[in-house]
Amino acid sequence: MRLLLVEDEKELSEALFQILMNNKYSVDSVYDGEEGLDYALTGIYDVIILDIMLPKLNGISLLKQLRKAGISTPVIMLTAKSQIEDRVLGLDCGADDYLTKPFATEELLARLRSITRRKGNVVNDNVLTYGDIRLNIETYDLDVNSESIRLTLKEFEIIKYFMERPKCVVSKDDLITKLWGFDSEVEYNNIEVYISFIRKKLAYLNSKVSIITIRGVGYRMEE
């Protein structure tokens, strides 16, 4: 899962960045609202963690512009303010959840898991399913019936991306930007190699799920 963290308190941002990375999230972090809006408008993120008090553009204004542009990425707002009107304003402007500083790390992680459960078919906090495959997001194990195989990190991230948007066409550019970032030098043949590895593992497990090539466009996961 790829997260955007928009928080101007650098010590807090760095601490949250490390915590989220340690919990197997991919994170981009920025420190002001204008840059945060530029990143958020790409639509590549699964969740945005957004501080309400930001330089250049505050979190509420950022959120309004994001929703006006049709970006529906779930947003968890962070603020030092505790008044109920601030929470109501954030939620009314399109926030999906709200945390008041200071907050416990465990609570933030729980809120992220809750938002994750709204996407795809999730059996519990740790398992994502599609067709006859089950992906354990804690152990990177891919299961089909009684057979199981361990995925590498990038194989895991790629198949999870497909499982969260089954039957949707995913381009190579989408995968590179989503999983490696804007400035990555990863080339298309790297994606082709990983897709080949995943296909071989699905075949080894005798899965009915496949990743098909849409020539000139990208890939799609189908049963």
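Student: What share of the contacts with a separation of 6 or more is between residues 24 or more positions apart?
Tutor: In this predicted model, residues 24 or more positions apart account for 55% of the contacts in the chain with a separation of 6 or more.

Student: OK, and how many helices and strands does the chain have?
Tutor: Eight helices and twelve strands. The chain has 223 residues, and buried ones make up 48% of them.

Student: Let's go inside. How many residues are in the largest nonpolar core?
Tutor: It has 29 residues. Those with the most contacts inside it are Ile-133, Leu-142, Ile-159, Phe-162, Met-163, Leu-175 and Met-221.

Student: Which elements each supply at least two residues of this core?
Tutor: On the strand side, S7 (127-130), S8 (133-136), S9 (141-144) and S12 (218-222). The helices are H6 (153-163), H7 (172-180) and H8 (188-204). H6 gives the largest share, six residues.

Student: Take Ile-159 then. What is it in contact with, leaving aside neighbours within four places in sequence?
Tutor: Ile-159 is in contact with Ile-133, Leu-135, Leu-142, Leu-151, Ile-198, Leu-202 and Met-221. Apart from that core lies another one of 22 residues, including Leu-50, Leu-54, Leu-66 and Tyr-98.

Student: New topic: what does UniProt place at Asp-51?
Tutor: An unreviewed UniProt entry gives "modified residue: 4-aspartylphosphate" at Asp-51.

Student: Is Asp-51 buried or exposed?
Tutor: Asp-51 counts as buried, because its relative accessibility is 2% and the cut-off for buried is under 20%. Asp-51 sits in strand S3 (residues 47-51).

Student: And what is Asp-51 in contact with, beyond its neighbours within four places in sequence?
Tutor: Val-6, Glu-7, Asp-8, Gly-59, Leu-78, Thr-79 and Lys-101.

Student: Where's Lys-56 found?
Tutor: Lys-56 is in the loop between S3 and helix H3 (59-68). At 63% relative accessibility, Lys-56 counts as exposed. Leaving aside neighbours within four places in sequence, Lys-56 is in contact with Asp-32 and Glu-34. From Lys-56 to Glu-35 the C-alpha to C-alpha distance is 8.9 Å, and they are 21 residues apart in sequence.

Student: Now H1. How many residues does it have, and how far does it reach?
Tutor: H1 (residues 10-22) has 13 residues and reaches 18 Å from its first C-alpha to its last, close to the 18 Å expected.

Student: Which H1 residues are buried, and why do they line one face?
Tutor: Ser-13, Leu-16 and Leu-20 are buried. Seen down the axis of H1, its buried residues fall within an arc of 70°, so they line one face of the helix. On the other side of H1, Glu-11 and Asn-22 are exposed. H1 is followed by Lys-24, with a positive phi near 70°.

Student: Which residue of strand S2 can we look at next?
Tutor: Ser-26 lies in S2 (residues 26-30), and it is buried, with a relative accessible area of 16%. Leaving aside neighbours within four places in sequence, Ser-26 is in contact with Met-1, Arg-2, Leu-3, Met-21 and Glu-157. Ser-26 and Trp-180 are 154 residues apart in sequence, yet 8.9 Å apart in space, C-alpha to C-alpha.

Student: Last one: what is phi at Asn-145?
Tutor: Asn-145 has a positive phi of about 55°, although it is not a glycine. Asn-145 lies in the loop between S9 and strand S10 (147-150) and is exposed, with a relative accessible area of 74%. Most residues other than glycine have a negative phi.

Note on methods:
Residues are numbered from 1 along each chain as its sequence is written. This is a predicted model: local features need pLDDT of at least 70, side-chain atom pairs count only at pLDDT 80 or more; totals for chains, interfaces and linings use all residues. Side-chain values use heavy atoms; hydrogens and water are left out. UniProt positions are given in the numbering used here, feature names are shortened, and annotations may be inferred rather than shown by experiment. Helices (H or I, at least four residues) and strands (E, at least two) are DSSP runs, numbered from the N terminus. Buried means under 20% relative accessible area, exposed over 50%, partly exposed in between (1.4 Å probe, protein chains only). Contact means heavy atoms within 4.5 Å. A nonpolar core is a set of buried Ala, Val, Leu, Ile, Met, Phe, Trp, Tyr and Cys residues joined through side-chain atoms within 4.5 Å. The expected span of a helix is 1.5 Å times one less than its number of residues. The arc is that of the directions from the helix axis to the C-beta atoms.
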